[in-house]
Amino acid sequence: MNAQKRHEIFARLREHNPEPTTELNWSTPFELLAAVLLSAQATDVGVNKATDRLFPVANTPAAILELGLDGLKEHIKTIGLYNTKAKNLMKTCRIVVEQHDGEVPRTRKALEALPGVGRKTANVILNTAFGEPTIAVDTHIFRVSNRTGIAKGKDVVEVEQKLLRHVPKAFRQDAHHWLILHGRYTCVARKPRCGSCVIEDLCEFPDKVDL
């Protein structure tokens, strides 16, 4: 795929959705961090239902530590893998309080040192909370990037590196959100909705589905 085609793809995605953002509910960097930690193998809708209960009671690291592990579990028990997620969130809260004065760290190294935080989660925080032009590659973005030809790679790190290299600078800040939403609602896994896709004529997927 050439640079001109990539530029047109992102121009159309921007025209279709000028101000994309995460579908997780959050109002502070810590709320976003907590929501993303809880979102692994869970839907944003399910996470939002849990955090809508949790955040009015405890939405800071100190408040969650005060809530205690059992109290935290009670608020998030509707989410899959909630036992493990609760333990990781408690450990993360303790580190944030003890090592970062209660503030979410703004460096990749410090973020990835938090329990349950990998490269993808760190990229989400850096991009969405702190406005850095990072691109977090999840299953949706991995699929869309490979299927369309925007950035082909054998693993998420390779796709991320290629996206950072090939996505035009003007679109880099919001590229993560456009691609994940496109993969979630249009370029879906089993039967992509090619007939209603705004970039169908630019996509290099050879097996388009005309629905």
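Modeller: Start with the contacts. In the protein chain, 59% of the contacts with a separation of 6 or more are between residues 24 or more positions apart. Keep in mind that this is a predicted model.

Colleague: How does the radius of gyration sit with a compact globule?

Modeller: It agrees, because a compact globule of 211 residues would have a radius of gyration near 17 Å and the protein chain has 18 Å. The C-alpha atoms fill a box of roughly 55 × 35 × 30 Å along the principal axes.

Colleague: What share of the residues is buried?

Modeller: Of the 211 residues, 46% are buried. The accessible surface of the chain is about 10700 Å², and carbon and sulfur atoms account for 50% of that.

Colleague: And the charges?

Modeller: There are 30 positive and 25 negative charges in the protein chain, and their mean positions lie 6 Å apart.

Colleague: Where is Leu 202, and is it buried or exposed?

Modeller: Leu 202 is in the segment after α11, which spans 169-185. Leu 202 counts as buried because its relative accessibility is 10%, and the cut-off for buried is under 20%.

Colleague: Which helix is largely enclosed by the rest of the structure?

Modeller: Helix α8, residues 119-129, is one, because eight of its 11 residues are buried. The buried ones are Thr 121, Ala 122, Asn 123, Val 124, Ile 125, Leu 126, Asn 127 and Thr 128.

Colleague: What do those pack against?

Modeller: The buried residues of α8 pack against α2, α7, α10 (156-166) and α11. After α8 comes Gly 131, with a positive phi near 75 degrees.

Colleague: Which residues have a positive phi without being a glycine?

Modeller: Gln 41 is one of them, with a phi of about 55 degrees. Asp 101 also has a positive phi of about 55 degrees and is not a glycine. Most residues other than glycine have a negative phi.

Colleague: Where do those two sit?

Modeller: Gln 41 is in the loop between α2 (29-38) and α3 (44-54). Asp 101 is in the loop between α6 (82-100) and α7 (108-112).

Colleague: Buried or exposed?

Modeller: Gln 41 is exposed, with a relative accessible area of 75%. Asp 101 counts as exposed too, at 72% relative accessibility.

Colleague: Last one, His 75. What does its side chain reach?

Modeller: The side chain of His 75 reaches the backbone oxygen of Gly 71 at 2.9 Å. His 75 lies in helix α5, residues 69-76, and is buried, with a relative accessible area of 18%.

Colleague: What else is around His 75?

Modeller: Beyond its neighbours within four places in sequence, His 75 is in contact with Ala 50, Arg 53, Leu 54, Val 57 and Leu 67.

Conventions
Residues are numbered from 1 along each chain as its sequence is written. This is a predicted model: local features need pLDDT of at least 70, side-chain atom pairs count only at pLDDT 80 or more; totals for chains, interfaces and linings use all residues. Side-chain values use heavy atoms; hydrogens and water are left out. The radius of gyration is taken over C-alpha atoms; the globule rule is 2.2 Å times the number of residues to the power 0.38. Buried means under 20% relative accessible area, exposed over 50%, partly exposed in between (1.4 Å probe, protein chains only). Contact means heavy atoms within 4.5 Å. Accessible areas come from the Shrake-Rupley method with a 1.4 Å probe; for residues, only the protein chains shown count as cover. Lys and Arg count as positive and Asp and Glu as negative; His and the chain ends are not counted. The place of a charge is taken as NZ of Lys, CZ of Arg, CG of Asp or CD of Glu. Helices (H or I, at least four residues) and strands (E, at least two) are DSSP runs, numbered from the N terminus. A polar contact is a pair of N or O atoms within 3.5 Å; within protein, one must be able to donate a hydrogen and the other to accept it, and residues adjacent in sequence count only if both atoms are side-chain atoms.
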